Amino acid sequence: MTKLLALATLLTLAAPTLAAPPKKPAPKPSVKPVAKPGIKGAAQMTGGAIRFGEIFALKSGFTYQILSARYSLDAFECYDMTAPATDEKLLILTVAIKNNRREEDNYFGVHSLQAVDTSNQIYETSQSAYALRSQPGKEFGPSLKPGQGLGQGGIDPLEVVFKMPADARIVKLILKQGREGTSEEVLRFFIAGATEAEAGGKPDPKNLLAPLPHLAEKNALVPPGQYVPSWTFQFKLTGFSTADKKGDEDAPEGKRWIFASISIKNPMHKKQNLYEFTGGGGLRELTLIDSDGERYPASYLLKAKRDEDGDGELEPGEEKSYRVAFLVPKDTPFKSARLGASQGHLYLFDASGAEK
């Protein structure tokens, strides 16, 4: 009897343990996908597709219109002077705005624009990159009366600029404003020539970007006498000459001087120092190239008629002549010359007659 009671007590105590269901493993925390930098993987803002030439009313109270767009190597005079460096270019949009409010003045504040290239790199610009052609370099921030506009009719163009690498290909423009009366946050311009996959939307044949001039291409030869832009200047090649002396100084044995004669013009509305062209040592980027592809860097920028350093300032619209001096081996036939401002775009010129 004692043994039976002990066994019954043991079974009673063990029963809850035997009856308890096995515990479920704790659920693993969910992992949310991480958006990649740039546009890929990121949620797009609500927006509409727009075309060049179309006028639309924005939530800011302005109407806005992109009239045209072009790539350029010319410096752009705005509040933040913008010039393309050696391996860069500019994208310039011509736009028009108008105060759409009926009874009150309206300040044109930040209407930021973005340009997006084939690799989803974003180039952004804001109010400081706008400029009226008649007021280059002036800070842009007008307060317009009801119905008053800027940039209409092409009388005084209103432009806005982006800077980007020379090989960038833009496939989309984004205006960071939505249309009035809609839930849109942005407006998108899908560029002609892009694929739908590149642009993220259907390209519009009206949204054309005018290309750089042919002479800006890497291996294009610029004819003598034709002006080309470089940094904040324009210049042209007028010819070559050769000499065994520079002033009273004889060239080293087996060497001679070749001079590329150039004319430099200041197209800006403010004075420029010629140092901005030579760039202090940047002349070494200017080269003569022989038939074997060997390069010979420039040594000096000299005045046109005297063997003195080219220096000083150029007034707005002023033009002066100079010579770029190269010390090279005698009897070496040359193929081309690579010339330009030290910080700006460099161009190729035919130098096949430079040894004569």
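Which residue has its charged end over the ring of Phe259? Arg323 does, with its charged end 4.8 Å from the ring centre; a charge sits over a ring if NZ of Lys or CZ of Arg is within 6 Å of the ring centre and within 35 degrees of the ring normal. Welcome to this predicted model, where local features need pLDDT of at least 70, side-chain atom pairs count only at pLDDT 80 or more, and totals for chains, interfaces and linings use all residues. Residues are numbered from 1 along each chain as its sequence is written, and side-chain values use heavy atoms, leaving out hydrogens and water.

**Confidence**

- The protein chain has a mean pLDDT of 87, and 87% of its residues reach 70 or more; pLDDT is the predictor's confidence in each residue, from 0 to 100.
- Over residues 1-42 pLDDT stays under 50, and the model has 8 contacts beyond four places in sequence for this stretch (contact means heavy atoms within 4.5 Å).
- Where pLDDT is low, the predicted coordinates should not be read in detail.

**The open sheet**

- An open sheet is formed by 8 strands in the order E14-E15-E18-E23-E21-E20-E24-E25, with antiparallel pairing.
- Strand E14 (228-230) and strand E25 (347-350) are at the edges with a single partner strand each, so one side of each has no neighbour in the sheet.
- From one strand to the next, the twist averages 35°; axes are lines fitted to C-alpha atoms, for helices over the stretch in contact, and angles run from 0 to 180 degrees between N-to-C directions.
- Helices (H or I, at least four residues) and strands (E, at least two) are DSSP runs, numbered from the N terminus, and two strands pair if DSSP finds at least two bridges between them.

**Strand E21 and its partners**

- Strand E20 (residues 287-290) pairs with strand E21 (residues 295-303) in the antiparallel sense over 3 bridges, and Ile289 stands opposite Arg295 in E21.

**Aromatic rings**

- The whole structure holds 14 aromatic pairs; rings of Phe, Tyr and Trp (its six-membered ring) pair if their centres lie within 6.5 Å, and planes under 30 degrees apart count as stacked, over 60 as edge-to-face and the rest as tilted.
- One of the pairs is Phe62 with Phe108, edge-to-face at 5.2 Å centre to centre and 90° between the planes.
- That pair links distant parts of the chain, 46 residues apart: Phe62 is in strand E3 (residues 62-72), and Phe108 is in the loop between strand E5 (106-107) and strand E6 (113-117).
- Phe62 is buried, with a relative accessible area of 0% (buried means under 20% relative accessible area, exposed over 50%, partly exposed in between, with a 1.4 Å probe and protein chains only).
- Phe108 counts as buried too, at 0% relative accessibility.
- Phe233 and Phe277 are another edge-to-face pair, 5.6 Å centre to centre with 80° between the planes.
- Phe233, Phe235, Phe277, Tyr347 and Phe349 form one aromatic cluster.
- Lys246 lies over the face of Tyr300, at 4.3 Å from the ring centre.
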